[in-house]
Amino acid sequence: MQKHLPFLQGGGQLGELIRTEDWSVTVLGAPENWTESLQSAVAISLSSGFPIAIYWGQDFTLLYNDAWSSIPGQKHPWALGKPGTIVWPEIWDGLKDEFESVLKEGKSHRSPDAPLYMHRNGYTEECYFDYTLSPITGLDGEIGGVFNAVIETTYRVINERRNALRNAFLLQVHASKTVVNAYQKLEKLFESAYLDIPFYALYQLDASSGNVYLKLSANLNQNQLDYLYGSINKHIPAELIQLNKLDVLMPEPAIKHWPEPITEAVIVPISGEHASIKGYLIMGASARKRVDEDYRQFYAAVGANTGTILNNAFGAELSVAYQNELLLNADLHEEQQALNEEVRAANEELAASNEELAASNEELATTNEELNQTQDELNETLRLLAENERRKDEFLSIASHELKTPLTGIKAFNQLMLRSVADPERTASYVEKSAENIMRLEKLINDLLDVTKLNAGKLNYDLQPFDFSAMLRDSVASFRLTVNTHQIHLQQAEGVVVTGDRMRLEQVINNFLSNAIKYSPDGDEVRVVSEISGSALIVSVQDFGIGIQQQHIQRLFDRYYRIDNTDMRFEGLGLGLFISSEILKRHSGTFWIESEPGKGSTFFFRLPLEENGELGPITENEQYYQDSHITIYQNQDRDWLEVDWIGFQTVDAVKSGGMRMLSMFKGSGLHKILNDNTHVEGTWSEASEWAGKEWFPMMEEAGLKYFAWVYSPSAFSRLSAEKAVDVKVGDTVIQFFTEAEAARSWLANLK
Ligand code: ADP
């Protein structure tokens with residue numbers, strides 16, 4: 001037991017050991033005789049929390065503190081007071097020079113992370129230290145020993161190495177595109193990991209058979225492999241399993257790096273819920289590092305990464321396969337597309353065929369329609385023929401009756417004459433009566449003859465200028481003589497000269513007059529007016545009789561046409577108006593009727609007085625045209641052509657105006673026309689056919705889409721317009737209006 005020495009205070013276990021050590025038997029001698037520098041160094045080391053050792057004297061006798069005591073491992077406490085050569089026989093050769101130079105030359109040394117394989121905890125461990133060697137100098141300047149301050153860096157160094165390995169594994173996680181390549185990569189990785197994984201064996205489980213196959217291994221012979229394989233119970237362990245005391249069965253060192261055999265190993269599962277490749281990884285532990293928690297974590301990480309590398313490669317392979325399949329599919333897709341294309345083309349052809357079929361059907365329909373129409377027309381013709389036939393029969397029966405009436409009269413008066421030969425006065429009156437009947441008979445026969453001639457186109461006209469006014473006056477006068485039921489008023493322009501057939505025009509007047517009287521049995525007045533309008537003469541005969549219904553007006557001028565006035569019986573053959581109309585046409589005249597049933601009728605005819613100059617003076621520029629029949633111009637907004645027809649329209653006037661409209665419409669870019677007939681008088685029925693079938697199609701081609709038609713107040717003109725529309729060819733939209741303003745607003749609202 002040392003006596004109480006102040007520099008040997010405290011210091012824990014080592015303090016105690018140093019104090020109890022019998023130093024007198026060592027080269028250091030009793031502590032109280034130690035040099036002052038040694039005493040201070042010991043005092044410093046005992047009071048320091050850092051590991052400090054003191055190698056004193058020529059044989060470097062070791063003194064150390066509590067913190068340092070773990071460095072020699074199991075050599076503590078034996079090492080205390082022993083020379084360095086004895087404590088560290090295994091490393092002293094490497095350290096000797098450094099210690100010597102410190103002691104002899106006073107040089108300090110520092111070694112970072114120096115590997116020192118220390119035998120501690122029952123085996124030689126791989127250790128690293130950061131240490132300094134510095135001289136302990138006495139008051140006399142003599143260097144008595146080496147002051148060794150140490151920090152162990154084993155943990156950091158090994159950790160860094162293992163982390164580097166883990167990173168190397170991580171780097172390969174996505175590097176392999178095939179499983180074969182992944183095994184190659186793993187082989188290389190394990191090769192570089194020999195210090196921490198001195199041997200390994202990688203087994204893969206075949207899911208279908210449940211068998212386990214060795215895929216990779218290193219530093220194991222067949223016996224060792226067989227032994228390790230026996231430790232796998234074929235059930236993939238949920239977690240790491242540790243194998244111990246392997247050195248009993250595998251006494252040879254697995255790697256040359258360390259001379260000792262390996263005693264420990266681990267089995268790590270390669271699995272994972274969705275892993276395709278499952279198996280086991282057996283890894284040996286370093287002969288110089290016992291398996292601890294850090295080591296286990298390292299193994300687990302290597303196992304996990306190995307699994308990931310393999311499964312990712314497997315995934316990549318699958319994805320390549322998938323890609324290939326996709327490519328294959330793409331080919332298929334192409335084929336499919338080609339097929340689709342064919343199908344599409346076929347469909348298109350089908351559609352075309354269908355279209356053609358539809359077109360054919362349409363044509364067929366049109367043909368059918370046309371056929372139907374033709375049939376309708378035929379039916380209509382047949383109907384008309386039948387009607388004509390019926391009317392002819394009716395006519396014959398009427399004619400017989402009509403002819404028989406005066407003939408019966410004549411016969412009767414002749415018999416009376418025979419009986420009254422003795423009474424010349426009576427005889428004279430019978431002769432007169434008989435003559436009246438003869439005249440009626442003659443008129444009937446003349447009408448019949450006229451119609452026959454008309455039918456044969458043999459009605460001759462003697463066209464001469466004559467005094468129309470005189471003729472009219474005479475006609476009215478002779479009527480006044482025979483008619484006592486009606487007052488006949490005549491109002492006329494005097495001295496009107498007309499070029500024409502006097503007799504035939506007189507026949508027209510007589511027909512109008514006799515009808516006016518005949519068809520106004522309750523009336524007592526007939527008005528005859530003749531006036532000059534522009535370059536024409538207009539004659540009208542007005543009665544206040546039964547009137548004519550609208551539906552009959554147009555047909556009155558047809559031959560044999562008689563209105564069936566069943567409640568009243570009027571004699572006649574229905575030929576008069578037909579003959580009149582033919583006579584008027586032959587004189588370039590027109591005719592029309594205005595009538596109201598129950599109130600009376602007015603029969604008009606119009607005769608042009610000058611052969612030429614029908615159009616009168618013409619005013620014309622690009623956007624404006626005017627003659628005596630028509631005014632044509634673009635409306636304010638230049639949106640449509642506005643046409644104002646004026647006065648009486650002849651076929652020629654209608655055609656001339658129509659052609660003028662066409663030339664102004666063509667190229668104007670317009671699509672609409674306002675066709676105003678407000679100022680039209682009379683009729684133009686002869687031009688209806690031409691307007692509907694020829695003029696409208698020409699206008700449509702020139703761009704006409706919308707045609708607003710303002711009716712004339714003249715019923716005859718309306719009928720002509722409607723007839724034109726009835727026979728119209730093309731798609732032009734025609735709308736009738738009674739007011740020009742309504743027509744304008746219709747047009748304005750159209751695009
Ligand atoms: P008709 O000899 O039968 O009178 P017209 O050809 O002269 O033959 O006339 C044809 C038809 O026109 C007549 O049957 C009659 O129905 C009708 N008609 C002619 N004039 C008049 C009139 N002023 N008022 C009413 N109806 C008339």
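This is a predicted model: local features need pLDDT of at least 70, side-chain atom pairs count only at pLDDT 80 or more; totals for chains, interfaces and linings use all residues.
1. Five strands form an open sheet with mixed pairing, and their order is β12-β14-β15-β17-β16. Residues 487-492 make up β12 and residues 590-596 make up β16; these two strands stand at the edges with a single partner strand each, so one side of each has no neighbour in the sheet. On average, neighbouring strands here are turned by 15 degrees against each other, direction ignored.

2. Next, look inside the sheet. Strands pair through backbone hydrogen bonds, in either a parallel or an antiparallel way. Strand β15 (residues 536-543) and strand β17 (residues 600-608) run antiparallel and are joined by seven bridges. To find your place on this pair, look for V541, which stands opposite F603 in β17.

3. Helix α10, residues 468-482, lies across β12, β14, β15 and β17, and its direction is at about 170 degrees to β12.

4. Then turn to D501, in the loop between β13 (497-500) and α11 (502-518). Does a charged residue like this sit buried or exposed? D501 is buried, and it has no salt bridge. A salt bridge needs the charged atoms within 4 Å, while R504, the nearest side chain of opposite charge, is 4.9 Å away.

5. Leaving aside residues up to four places away in sequence, D501 touches N460, Y461, D462, L463, F466 and H587.

Conventions. Residues are numbered from 1 along each chain as its sequence is written. Side-chain values use heavy atoms; hydrogens and water are left out. Two strands pair if DSSP finds at least two bridges between them. Helices (H or I, at least four residues) and strands (E, at least two) are DSSP runs, numbered from the N terminus. Axes are lines fitted to C-alpha atoms, for helices over the stretch in contact, and angles run from 0 to 180 degrees between N-to-C directions. Contact means heavy atoms within 4.5 Å. Buried means under 20% relative accessible area, exposed over 50%, partly exposed in between (1.4 Å probe, protein chains only). Lys and Arg count as positive and Asp and Glu as negative; His and the chain ends are not counted.
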